[in-house]
Amino acid sequence: MPRNDKQRIFGIIGRSGSGKTHLISRLIPFFRQSGLSVSTIKHTHHGVDMDKPGKDTFLHREGGATEVMLATPDRWVLQHECSTPPVLDELLAAMQPVDLVLVEGFHADVPACLEVWRSVTDKDPLFTNEKQITAIATDSSASLHIPNGTTVFSIEDTQSIACYIQQKAFLWSFSQKP
């Protein structure tokens, strides 16, 4: 796909343990079977390191390389050292264009989001304070005070959630943030 200045994105957010990754893992094959190309961005507040001490790429990075790429016959990985936390616009611009990017996290930056909320997490939902959440996927909506205009799905209804995402995905412009 040729690079353009816009990308369709949709956010999947929720508290830790709510099932965001499980839902995304079901949505990707659904979209792929529909003929769409899909990429994902996962944001975490926890530090992670894909490298192992003593390995070549680790030594390159420790030596001060800004970026280290590891290429295998099956895939490549680019590690980029940051002096400040990355912003969604930069991450999207670094990716190849696809039909849809699902963004897990970055809820303050993604204009169209679905919250995954499960009662077993015993945590308050985010939709009460986040206006960009337009839908909720849940295992139990009975205990929630859902605002008017918010769409509610069963957390297991992958097809309906996927259709909603296709209709509501936001067209992100790299030249100007929403």
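Me: Is Lys-42 buried or exposed?
Reply: Exposed. Lys-42 has a relative accessible area of 54%. Keep in mind that this is a predicted model.

Me: Which residue does Lys-42 form a salt bridge with?
Reply: Glu-104. The closest N and O atoms of Lys-42 and Glu-104 are 2.8 Å apart.

Me: What does that pair tie together?
Reply: Lys-42 lies in strand S2 and Glu-104 in strand S5, so the pair ties together parts 62 residues apart in sequence.

Me: And Glu-104, buried or exposed?
Reply: Glu-104 counts as buried, at 5% relative accessibility.

Me: What about Arg-61, which residue does its side chain meet in a salt bridge?
Reply: Glu-81, at 3.0 Å from N to O. Arg-61 lies in helix H2 (residues 56–62) and Glu-81 in the loop between strand S4 (76–80) and helix H3 (88–94), so this pair ties together parts 20 residues apart in sequence.

Me: Arg-61, buried or exposed?
Reply: Buried, with a relative accessible area of 13% for Arg-61. Glu-81 is partly exposed, at 38%.

Me: Back to helix H1. Which of its residues are buried?
Reply: Lys-20, Leu-23, Ile-24, Arg-26, Leu-27 and Phe-31 are the buried residues of H1. They cover an arc of only 165 degrees around the axis, so they are on the same side of H1.

Me: Which exposed residues does the face turned away carry?
Reply: Arg-32 and Gln-33 are the exposed residues on the face of H1 turned away from its buried side.

Me: What covers the buried residues of H1?
Reply: The cover includes strands S1 (6–13), S2 (38–42), S5 (100–104) and S6 (113–117), plus helix H4 (158–168).

Me: How far apart are the end C-alpha atoms of H1?
Reply: They are 20 Å apart. The 14 residues of H1 (residues 20–33) should span 20 Å at 1.5 Å a residue, so the two values agree.

Me: Which residue just after H1 takes a positive phi?
Reply: Gly-35, with a phi of about 90 degrees.

Me: Now H4. Which residues are buried there?
Reply: Thr-158, Ile-161, Ala-162, Tyr-164 and Ile-165 are buried in H4. Their arc around the axis is only 160 degrees, which puts them on the same side of H4. On the other side of H4, Gln-159 and Gln-167 are exposed.

Me: And what covers the buried residues of H4?
Reply: The cover includes S1, H1, S5, S6, strand S7 (133–138) and S8.

Me: Where does Lys-168 lie?
Reply: Lys-168 lies in helix H4. At 42% relative accessibility, Lys-168 counts as partly exposed.

Me: Which residues does Lys-168 touch?
Reply: Phe-10 and Ala-112, not counting residues up to four places away in sequence. As for Ile-133, its C-alpha atom is separated from that of Lys-168 by 11 Å, and the two residues are 35 residues apart along the chain.

Me: Change of topic. Which residues make the nonpolar surface patch?
Reply: Met-69, Trp-76 and Leu-78 make a patch of about 350 Å². Met-69 is in strand S3 (residues 67–71). Met-69 is partly exposed, with a relative accessible area of 49%.

Me: Last one. Ser-173, buried or exposed?
Reply: Buried, with a relative accessible area of 9% for Ser-173. The place of Ser-173 is in strand S9 (residues 170–173). Leaving aside neighbours within four places in sequence, Ser-173 is in contact with Asp-5, Lys-6 and Asp-89.

Notes. Residues numbered from 1 in each chain as written. Predicted model: local features only at pLDDT ≥ 70, side-chain atom pairs only at ≥ 80, totals over all residues. Heavy atoms only, no water. Patch = residues over 30% accessible without salt bridge, like charges linked within 9 Å, V, L, I, M, F, W, Y side chains within 5 Å. Areas by Shrake-Rupley, 256 points an atom, 1.4 Å probe, with all protein chains shown as cover. Salt bridge = Lys/Arg side-chain N within 4 Å of Asp/Glu carboxyl O. Helix = DSSP H or I, 4+ residues; strand = E, 2+ residues; numbered from the N terminus. Buried < 20%, exposed > 50% of the residue type's maximum accessible area, 1.4 Å probe, protein only. Expected span 1.5 Å × (residues − 1). Arc of directions from axis to C-beta. Contact = heavy atoms within 4.5 Å.
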